[in-house]
Amino acid sequence: MFNNFISDQKLNDILDNIEVSGEIIDKIIEKSLNKERLTLEETAVLLNADKQEWIDKIFAGAKELKRRVYGDRVVLFAPLYVGNLCINNCKYCGFKASNQEVERCTLSLDDLKGEVKALESKGQKRLILVYGEHPDYDADFIADTVRAVYETKENSGEIRRANINAAPLDVKGYKKLKEVGIGTYQIFQETYHHNTYKKVHLSGPKSDYKWRLTGLDRAMEAGLDDVGIGVLFGLYDWKYEVLALLEHTIHLEENYGVGPHTISFPRLKRAVNMEIGDEYLVSDEDFKRIVAILRLAVPYTGLILTAREDAKLRKEVMELGVSQIDAGTRIEMKGYTDDDGEQDLNKEQFEIGDSRSLDEVIGELISDGYMPSFCTACYRLGRTGEHFMEFAIPGFIKRYCGPNALLTFKEYLVDYASDKTKEVGDKLIAEKLAEIEDDNTREDIEEKLREIEEGKRDLYL
Ligand code: SAM
Ligand code: SF4
């Protein structure tokens, strides 16, 4: 029913036939700073800009865009692995069916609730639930697990947004998930390059390129318009993959009036029995280029940076345009209740680079001048397409996003922060409050901050 809209030939032709100059790069960056999405050709210019002075321009442009548009907010979430049974054989993944060494497990609803309580007791409010691909993990199962997550409360803790990373579903399946109120439905194409896709997806439903590619068309058809796309960098040429991510974005925009809510750009990490060569591994420097170019190409799309990367690189990449990060991450099955601080590759999909606690990550964010946010207001008020709104409605960020970040961060400080984080965090809130120009908004926020001190929760504009 849906077409394969990715042409390797078309994207490669664009990449091969583009001219780069400092002047053209300046014009393209100016367009991004005016919050316009770039075309494939413009993005290809940025991808082909290999001279250091051009790369520096791109980094500076991305930083400026991030500062002007997203400000200093960084949204925090945690991944939660629900089940690692899998009938696919993705060569890069520790959960592939042929891997006998990984310990297989599906959380019972009680186990799941235990994990959720452990996450809530650290202050998490937003989760991404992750599933292998298996007949047991159908839409009904996913819906049951989402309901269990939302129902589980620990003291004043609750999960306010459950995003999903699972196999593509049919339209009926997505409708079931829409009913239980999921957040973003993420499907990473892993690689958009047809031949590479075939080589790394040996068997199982995931070996069908088109079924996966059109997975989010079916979500849109079902009325789920909050979707995330991504590439696993390290399988094929990163320049091609970035252009293909943009092609996917354009496809969604043109057909459904809304692009992806988020883009993810995981880099390949070590996994048990991984069978991928190192030809296309992405260096740290190229990884930064990927993030900066994506920031400029799709100014209104959330960019997610995960704990696959280490703390030092995460810090450097953040300023190039990242809007969401995970923190306090454990990806072993039952990793949050059974936390011994060590990674066990036999229980997880791949190795992570940043296993610091949520409180430690928040401490660093504050000292780097960021405002941690757990905000879920737009989604819960039916203001979907929040990133789009941030751009489309003048003053939206000042009026809503900034204040809501303060309120959700205050909750964290009162309920979960260490003494050290609380001290620097309260100082940051006072500074940010003083920066709010509109008297009415400032007084409103001051009042709500007082209410949070007195025990009220879940206040937002
Ligand atoms: N089974 C679902 C699927 O394949 O879509 C859920 C996704 S999987 C549990 C989450 C994502 O992890 C994959 O889409 C892939 O991009 C990424 N991943 C798999 N193996 C990886 C590795 N060795 N290093 C880094 N990321 C990896
Ligand atoms: Fe299964 Fe997903 Fe891993 Fe592929 S990436 S083996 S589908 S869990």
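Reader: How much space lies in the largest cavity?

Author: Bearing in mind that this is a predicted model, about 680 Å³ of space lies in the largest cavity.

Reader: And how many cavities of 30 Å³ or more does the count come to?

Author: The count comes to 8 cavities of 30 Å³ or more.

Reader: Back to the largest one, then: which residues are the closest to its centre?

Author: The lining of the largest cavity is made up of 41 residues, and those closest to the centre are Tyr 81, Val 130, Asn 165, Arg 308 and Gln 349.

Reader: Which elements give two or more residues to that lining, and where does the largest share come from?

Author: Two or more residues each are given by β1 (73-83), β2 (126-131) and β6 (185-190), and the largest share, 4 residues, comes from β1.

Reader: How do the lining residues divide into nonpolar, polar and charged?

Author: The lining of the largest cavity has 22 nonpolar residues, together with 10 polar and 9 charged ones.

Reader: Changing topic to the helices, at what angle do α14 and α18 pack?

Author: Helix α14, residues 358-367, packs against helix α18, residues 419-435, at an angle of about 40°, and their axes are 10 Å apart. The two helices are therefore oblique to each other, and α14 passes α18 in a left-handed crossing.

Reader: Which residues meet there?

Author: From α14 the contact takes in Asp 359, Ile 362 and Ile 366, which meet Thr 421, Val 424, Gly 425 and Leu 428 of α18. By class, the residues of this contact are 4 nonpolar, 2 polar and 1 charged.

Reader: What about α11 and α12, how do their axes cross?

Author: The axes of α11 (residues 238-256) and α12 (residues 284-297) cross at roughly 20° and come within 11 Å. An angle under 35 degrees counts as roughly parallel, so that is how α11 and α12 lie to each other, and their crossing is right-handed.

Reader: Which residues does α11 bring to that contact, and which does it meet in α12?

Author: Trp 238, Lys 239, Val 242, Leu 245 and Leu 246 of α11 meet Asp 286, Arg 289, Ile 290, Ile 293, Leu 294 and Ala 297 of α12. This contact has 8 nonpolar and 3 charged residues, with no polar ones.

Reader: Last pair: how do α6 and α7 lie, and what meets what?

Author: Helix α6 (residues 139-151) and helix α7 (residues 171-179) have axes that come within 9 Å and cross at roughly 10°, and the two are therefore roughly parallel to each other. In α6, Ala 139, Asp 140, Ile 142 and Ala 143 meet Gly 173, Lys 176 and Leu 177 in α7, a contact with 4 nonpolar, 1 polar and 2 charged residues.

Terms used
Residues numbered from 1 in each chain as written. Chains lettered and ligands numbered in written order. Predicted model: local features only at pLDDT ≥ 70, side-chain atom pairs only at ≥ 80, totals over all residues. Heavy atoms only, no water. Axes fitted to C-alpha atoms, helices over the stretch in contact; angles between N-to-C directions. Parallel < 35°, antiparallel > 145°, perpendicular 65-115°, else oblique. Left-handed = near helix turned anticlockwise from the far one by under 90°. Contact = heavy atoms within 4.5 Å. Nonpolar A, V, L, I, M, F, W, Y, C, P; charged D, E, K, R; others polar. 1 Å grid on protein atoms, 1.4 Å probe; cavity = no way out; pocket = protein on both sides within 12 Å on 5 of 7 lines; lining within 4 Å. Points joined across faces, edges and corners; volume = space filled by probe spheres on them.
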